Amino acid sequence: MYDVAIIGGGPAGLSAGIYAARANLKTVIVERGLYGGQMQNTLDIENYPGFENIEGPQLSEHMYNQALKVGVEWKYGDVTSVELEGQPKLLKFGDEVLQAKSVIIASGATPRPLGVPGEAEFTGRGLSYCATCDGALYKGADVAVVGGGDSAIKEALLLTRYASTVTVIHRRDALRATGILQNRAFANSKIRFKWDSVVERVEGDTRVNGVLIRNVKDNSNEVLAVKGVFIYVGVDPVTDFLAGSKVLDDEGYIPTGFDMATSIPGVFAAGDVRATSIRQIISAASEGATAALHAYDFVESLSN
Ligand code: NAP
């Protein structure tokens, strides 16, 4: 029986683990992939205090090692269902059923598909959701990035290290990305913009050779010849194992109070899976810590 079971080993889960274990709670993190979550797909992190610039995999490793060092148990497993009401709470993954007094859901989010013809067909053949992983394959090529948020602009900047041109296709005429990223993108001669434009179709034969885009203002169409397309149109929460649960809102995120508590006693949520407008590594880490400290109070209350 664990005091705290944490689902997900990204910055929220790892931070929760560090705080819970240091509070002498018997703590386990269950993760289906590599520690660090989305940080693993981020080349440069420049906004995590204490590190002017650190590679995502390196920051992931620091957090992971720290968690293990303070006594967090790490289990690989894809949680497929949970029983969260009552005591103990149950997590099912593989053949294992894990019991815990409290649960912190820190399962994060994954890139949202664009939902256009050609997307599924060309995924891995010129279409990617990870410039950090695949960017180097496009040396000297013309590529496109779809989206106008932090991820799109950050990854467009990264792609300029390899590609000869990077065209950002954005559905509006203003970026959502944070100011410093916008400034860098506007100052980069390799980056062009197709404003007020949406992708209608990804085209190619065996691999991508273009995207059909439509200008939403005048409805004109054009084919942009590119060898690579990188999609960054937001993220979807990873909550499939909670299907039908009362902790989810209509969009599949988990609303919480200031203490990261969900509507079920002893169940907390932290990080990108939470219903919030801020999705940063620092906020995920902070929410993880908050969730762990309130999980501590909850576990204590069970024995009083
Ligand atoms: P995001 O902030 O939600 O931005 C998604 C972008 O895609 C927006 O520009 C949006 O357009 C566009 N979009 C959404 N649906 C679309 C569609 N169907 N067709 C075309 N365009 C579409 O997502 P994100 O950039 O992945 O970031 C997710 C979260 O992580 C955010 O909170 C972000 O701040 C954070 N993040 C932070 C950093 C950092 O370095 N600080 C890096 C990466 C991510 P509109 O603008 O018109 O809505």
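Two salt bridges are counted between domain 1 and domain 2 of this predicted model. Domain 1 is made of two stretches, 2-110 and 235-302, while domain 2 covers 113-231.

**The two domains and their contact**

- The centres of domain 1 and domain 2, taken over C-alpha atoms, are 32 Å apart.
- Domain 1 gives eight residues to the contact, and domain 2 gives ten residues.
- The size of an interface is often given as the accessible area lost when the parts come together.
- Here about 610 Å² is buried between domain 1 and domain 2, and carbon and sulfur atoms account for 40% of that area.
- Four residue pairs, with both residues at pLDDT 80 or more, are in polar contact between domain 1 and domain 2.

**Salt bridges**

- Side chains of opposite charge can pair when their charged atoms come close.
- The count of salt bridges comes to 14.
- One of the salt bridges is formed by the side chains of Asp78 and Arg32, at 3.7 Å from N to O.
- Asp78 sits in the loop between β5 (73-76) and β6 (79-83), and Arg32 sits in the loop between β2 (27-31) and β3 (44-45), so this pair ties together parts that are 46 residues apart in sequence.

**The sheet of three strands**

- Strands of a sheet pair through backbone hydrogen bonds, either parallel or antiparallel.
- An open sheet with antiparallel pairing has three strands in the order β14-β15-β16.
- Its edge strands are β14 (197-204) and β16 (221-224), each of which pairs on one side only.
- On average, neighbouring strands of this sheet are turned by 25° against each other, with direction ignored.
- Seven bridges link β14 and β15 in the antiparallel sense, and a hairpin of three residues joins β14 to β15.
- Within this pairing, Arg201 has Leu212 in β15 as its bridge partner.
- Strand β15 (residues 208-215) also pairs with β16 in the antiparallel sense, over four bridges.
- Arg214 is found opposite Asn221 in β16.

- A second sheet to look at is open, has five strands in the order β10-β17-β11-β12-β13, and shows parallel pairing.
- The strands at its edges are β10 (127-128) and β13 (191-194), and each pairs on one side only.
- Two bridges connect β10 with strand β17 (residues 228-231) in the parallel sense.
- The bridge partner of Ser128 is Phe230 in β17.

- β6 and β7 pair in the antiparallel sense, with four bridges between them.
- Glu83 stands opposite Leu90, a residue of β7.
- Five residues lie between the strands of this hairpin, and Gly86 takes a positive phi near 75° there.
- The loop between β6 and β7 (89-93) also contains Pro88.
- The peptide bond from Gln87 to Pro88 is cis, and its omega is near -10°.

- Asn24 is a residue other than glycine with a positive phi, near 65°.
- The place of Asn24 is the loop between α1 (11-22) and β2.

Key: Residues are numbered from 1 along each chain as its sequence is written. This is a predicted model: local features need pLDDT of at least 70, side-chain atom pairs count only at pLDDT 80 or more; totals for chains, interfaces and linings use all residues. Side-chain values use heavy atoms; hydrogens and water are left out. Two strands pair if DSSP finds at least two bridges between them. Axes are lines fitted to C-alpha atoms, for helices over the stretch in contact, and angles run from 0 to 180 degrees between N-to-C directions. Domain bounds come from an automatic or database domain assignment. Contact means heavy atoms within 4.5 Å. Buried area is the accessible area (1.4 Å probe) that two parts lose on being put together, summed over both. A salt bridge is a side-chain nitrogen of Lys or Arg within 4 Å of a carboxyl oxygen of Asp or Glu. A polar contact is a pair of N or O atoms within 3.5 Å; within protein, one must be able to donate a hydrogen and the other to accept it, and residues adjacent in sequence count only if both atoms are side-chain atoms.
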